[in-house]
Amino acid sequence: MSFNEIYEALNLIKQHNKWRRKECINLIASENVTSPLVDSVYLSDAMHRYAEGTPFKRFYQGTRYIDEIEEKTNQVLGELLGAKYVDIRPISGTTANGAAFFALATHGDKAMVLPVFAGSHVSHTRFGILGALGLSEEEMPFNSEEMNIDVDNAIKKIRQIKPKLVILGGTVILFRHPIKELREVTEEVGGYILYDAAHVLGLIAGKQFQDPANEGAHIVTSSTHKTFPGPQGGLAFTNNEEIYKKYKKVIFPVFVSNHHLHRLAATLITAYEMKYFGKEYASTIVKNAKTLAEELHSYGFKVLGEKRGFTETHQVVLNVREFGGGTRVAEHLEKCNIITNKNMIPGDTPEMVRDPSGLRLGVQEMTRMGMNTSEMKYIAELFYSALIKKEPIEDVRSKVVEFRKNFHEVKYTFNIDLNKFSEEYLPIIS
Ligand SMILES: Cc1ncc(COP(=O)(O)O)c(C=O)c1O
């Protein structure tokens, strides 16, 4: 028996924690951090349990508290998201999508989806669950200058090809998508609008973005860990009872059995954080993204969406081809402790998937760590130092580590002394 193996494993995660939580500027648009309170709730006996079915109608015994937690989580999320029916059982955004596609369409049906360069997620494509379910992918007309759906041409195409699903929302989303504008024609051809809110759920909960369930989306799917700063997971919601019934029948038993019960209470606490701090958090995110975009633009970076003011969300998208493309730039920034991801942008061809021209940034995590517009200006300056002024990597990295020292605490959460609180409530497993 060797404890060295244990130390080695522990050391790896310790190094990861130190690097990403204390020494990096994290700008991956699909990530976030949970609060210490949520972290404490996450680690519970619930992670060992099963609860197939819906609250109070289970296939296993032992779920009396889980039933209450799950019911409450759906209820509080419903209040936040303006939805009568919420299902927290999908264990990820991809699972939420798979269940929605399977519930509303059948093999051979058409789905109209954004092109990858315009922000569709892999689950919306022939390479992902959409294709695996036998649905065909039809390209949504997109206006690259506006960085949004081309409504007139989308209406024409929906009339012409009669898709069963019109998928809005996406992995790149700078501006509100035209739900109201596409609802009537989608219904006219017997289809459904599915809005994938994975990226913008926190902005919706904070009332700083569009309100998909009430603007006409038949169903909304999402992750729970991007702008909504919860544990990794998924959900779906709707105001349509018939659609909810169809979804309920599919999520279990087709897409989940056990739905990872420890995340339920942690998601409920996050929902309360968003209830009390969500408006301020989401409005700061949007202000920060806009500031970062404007500053980067003023340093000479090519920022997409200029015509519309760059962004209305947490995201900023750059064309970095002149600096060697998305892969090279993301790798260079990583060496400087600035974590981003490469992304396809309009003009890129499918063959460029491994070296696209774009770089996608999201400010939601750094906002959660307390950064405001002045910090966004400094981040833009660091981009300038790293990519235009070409300062040595070590110099930029030291500046990043120094800068991050002031932002180690998660904000927009309850001011609870966890040491005192934990004596009574938190030593859940021992
Ligand atoms: C629009 C969109 N939908 C779905 C997903 C998948 O979410 P998950 O990683 O929770 O499966 C993502 C992931 O980034 C996404 O951007």
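The shell around the ligand is made up of one nonpolar, eleven polar and two charged residues (Ala, Val, Leu, Ile, Met, Phe, Trp, Tyr, Cys and Pro count as nonpolar, Asp, Glu, Lys and Arg as charged, and the others, Gly among them, as polar). The model is predicted, so local features need pLDDT of at least 70 and side-chain atom pairs pLDDT 80 or more, while totals for chains, interfaces and linings use all residues. Residues are numbered from 1 along each chain as its sequence is written, and side-chain values use heavy atoms, with hydrogens and water left out.

Among the 14 residues around the ligand, those that come nearest are Gly 93, Thr 94, Asp 196, Ser 223 and Lys 226 (a residue is near if one of its heavy atoms lies within 4 Å). Helix H4, residues 93-104, supplies three shell residues, the most of any contributor (helices are DSSP runs of H or I with at least four residues). Ligand oxygen atoms lie 2.7 Å from a backbone N or O atom of Gly 93, 2.7 Å from a side-chain N or O atom of Thr 94 and 3.3 Å from a polar side-chain atom of His 199. Of the 390 Å² of accessible area that the ligand has on its own, the protein covers 85% (Shrake-Rupley method, 1.4 Å probe).

The largest cavity has a volume of about 40 Å³, taken as the space filled by probe spheres set on the points. Its lining comprises Ala 118, Phe 142, Met 147, Val 172, Ile 173, Leu 174 and His 177 (lining residues have an atom within 4 Å of a point). By class, six of these are nonpolar, one is polar and none is charged.

Conventions. Polar contact = N/O pair within 3.5 Å; in protein donor to acceptor, adjacent residues only side chain to side chain. Helix = DSSP H or I, 4+ residues; strand = E, 2+ residues; numbered from the N terminus. 1 Å grid on protein atoms, 1.4 Å probe; cavity = no way out; pocket = protein on both sides within 12 Å on 5 of 7 lines; lining within 4 Å.
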